[in-house]
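Thanks for coming. Please keep the structure open on your screen while I talk.

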Amino acid sequence: MSEQNTASQRSLNVLVTGAAGGMCRGINKRLGNAGHTLVCVDLDLERCQAAVDELRGQGITAHAFAADVTREDDVERLRAAVKETVGEVHALVNAAGILDRKMLLDHSVESFSCAIDINLVGPFALIRAFAEDLLAANWGRIVNVSSIAGTTGYPYPSYAASKAGLSNLTRSLLVDFWGTGITVNSVCPGVVDTPMVIQEVRDQVPNKVPTGKIVDPDEIGALIAFLLTDDARSINGADLVIDGGATQVFRLFDPTQG
Ligand SMILES: NC(=O)c1ccc[n+]([C@@H]2O[C@H](COP(=O)([O-])OP(=O)(O)OC[C@H]3O[C@@H](n4cnc5c(N)ncnc54)[C@H](O)[C@@H]3O)[C@@H](O)[C@H]2O)c1
């Protein structure tokens with residue numbers, strides 16, 4: 001880590017999964033603008049490389065890697081490749097995920113397991129692979145991108161169960177990192193302006209979200225950028241809900257109807 005930086009503004013090597021996705025447009029940009037080097041990882045190398053090219057065009061240092069986070073061999077290969085190309089990783093942002101819009105009777109065990117693999121086993125595999133490096137440095141940041149769907153009941157059970165599992169994995173890991181400078185937190189976004197969100201949900205935002213606004217990916221990036229600082233060292237094991245207040249209220253009437 002650069003000694004020129006103040007304690008609260010270290011320049012880190014940050015590995016971001018799902019880096020070609022909609023939310024990572026905001027996350028990558030914010031982290032890059034904070035002076036971090038980005039290790040961008042996605043299943044889709046072509047889109048990941050395009051995202052990296054765009055970041056480089058903005059003066060951000062970024063590298064693209066392909067990996068399927070659900071495959072242990074792929075993650076191990078990734079760890080070795082990153083070490084050789086970029087060096088030690090100081091922070092992990094687990095943002096790779098899928099939203100499978102199947103309700104109970106549409107699911108098979110296979111499709112349910114697939115969502116659990118990507119949304120929960122993937123982050124576990126990443127954290128497991130890099131844990132020893134973080135422990136050796138006695139400092140690190142892990143941020144799991146969960147969802148408000150993991151905090152309440154939700155129509156799509158594989159998504160809700162995987163995100164609830166991810167939030168509880170987050171809390172459980174505090175025991176493993178006890179007494180170190182490593183923190184583990186979950187960010188739980190509400191409705192974020194990405195292609196994952198269908199028009200029907202966007203249309204409901206004025207009625208369901210107290211701010212009346214969809215969350216911008218840049219806001220998620222700003223929160224994660226703060227979590228990577230030393231100023232955030234006491235935020236540990238949190239589910240940081242960023243949803244415009246949507247989960248805090250239940251409206252029985254339509255506010256747009258007066
Ligand atoms: N968009 C929202 O409103 C919203 C709300 C709450 C939480 N989230 C969560 O935020 C994260 C990012 O969402 P998004 O909107 O950017 O979705 P997105 O579909 O745009 O991006 C997800 C990315 O993950 C990658 N990916 C999928 N499986 C992978 C695997 N096995 N290995 C590596 N990469 C893989 C995809 O290629 C894609 O680029 C997800 O975890 C999602 O569940 C999104």
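**Cavities, pocket and ligand**

Helix α3 gives the lining of the largest cavity its largest share, three residues. Before I go on, a note on the source: this is a predicted model, where local features need pLDDT of at least 70 and side-chain atom pairs count only at pLDDT 80 or more, while totals for chains, interfaces and linings use all residues. Residues are numbered from 1 along each chain as its sequence is written, and side-chain values use heavy atoms, with hydrogens and water left out.

Some terms. Helices (H or I, at least four residues) and strands (E, at least two) are DSSP runs, numbered from the N terminus. A cavity, on a 1 Å grid over the protein atoms alone, is a set of points where a 1.4 Å probe fits but cannot get out; a pocket is an open set with protein on both sides within 12 Å along at least five of seven lines; and a lining residue has an atom within 4 Å of a point. Grid points are joined across faces, edges and corners, and the volume is the space filled by probe spheres set on the points.

How many cavities of 30 Å³ or more does the structure hold? There are two. The largest has a volume of about 40 Å³. Its lining is made of R79, V82, K83, G87, E88, V89, F130 and D133. Two helices, α3 (72–85) and α4 (109–137), each supply at least two residues of that lining. By class, the lining has three nonpolar, one polar and four charged residues. In this count, Ala, Val, Leu, Ile, Met, Phe, Trp, Tyr, Cys and Pro are nonpolar, Asp, Glu, Lys and Arg are charged, and the others, Gly among them, are polar.

The second largest cavity holds about 30 Å³ of space. Around it are I148, G190, V191, V209, K213, I214, V215, D243 and A246. Here the classes come out as six nonpolar, one polar and two charged.

Now the open space. The second largest pocket has a volume of about 240 Å³. It is lined by 17 residues, and C24, R25, G26, A51 and E54 are the closest to its centre. Helices α1, α2 (45–57) and α7 (217–227) each give at least two residues to this lining. Seven of the lining residues are nonpolar, four are polar and six are charged.

Next, the ligand. Which residues come nearest to it? Of the 28 residues around the ligand (a heavy atom within 4 Å), the nearest are G22, M23, D42, Y159 and T194. By class, this shell has 15 nonpolar, nine polar and four charged residues.

A nitrogen atom of the ligand is 2.9 Å from an N or O atom in the side chain of D68. A polar backbone atom of G21 is 3.4 Å from an oxygen atom of the ligand.

Taken alone, the ligand exposes 830 Å², and the protein buries 90% of that. Accessible areas come from the Shrake-Rupley method with a 1.4 Å probe, and for residues only the protein chains shown count as cover. The elements that give two or more residues to the shell are α1 (22–33) and α5 (157–176).

**Single residues**

Buried means under 20% relative accessible area, exposed over 50%, and partly exposed in between (1.4 Å probe, protein chains only).

D230 sits in the loop between α7 and β7 (239–242). Is D230 buried or exposed? With a relative accessible area of 11%, D230 counts as buried. Its side chain makes a polar contact with the side chain of R10, at 2.9 Å. A polar contact is a pair of N or O atoms within 3.5 Å; within protein, one must be able to donate a hydrogen and the other to accept it, and residues adjacent in sequence count only if both atoms are side-chain atoms.

F177 is in the loop between α5 and β6 (181–189), and is buried at 5%. F177 and P155 are 22 residues apart in sequence and 34 Å apart in space, C-alpha to C-alpha.

Last, N138, in the loop between α4 and β5 (139–145). Its phi is near 60 degrees, a positive value in a residue other than glycine. N138 counts as partly exposed because its relative accessibility is 43%.
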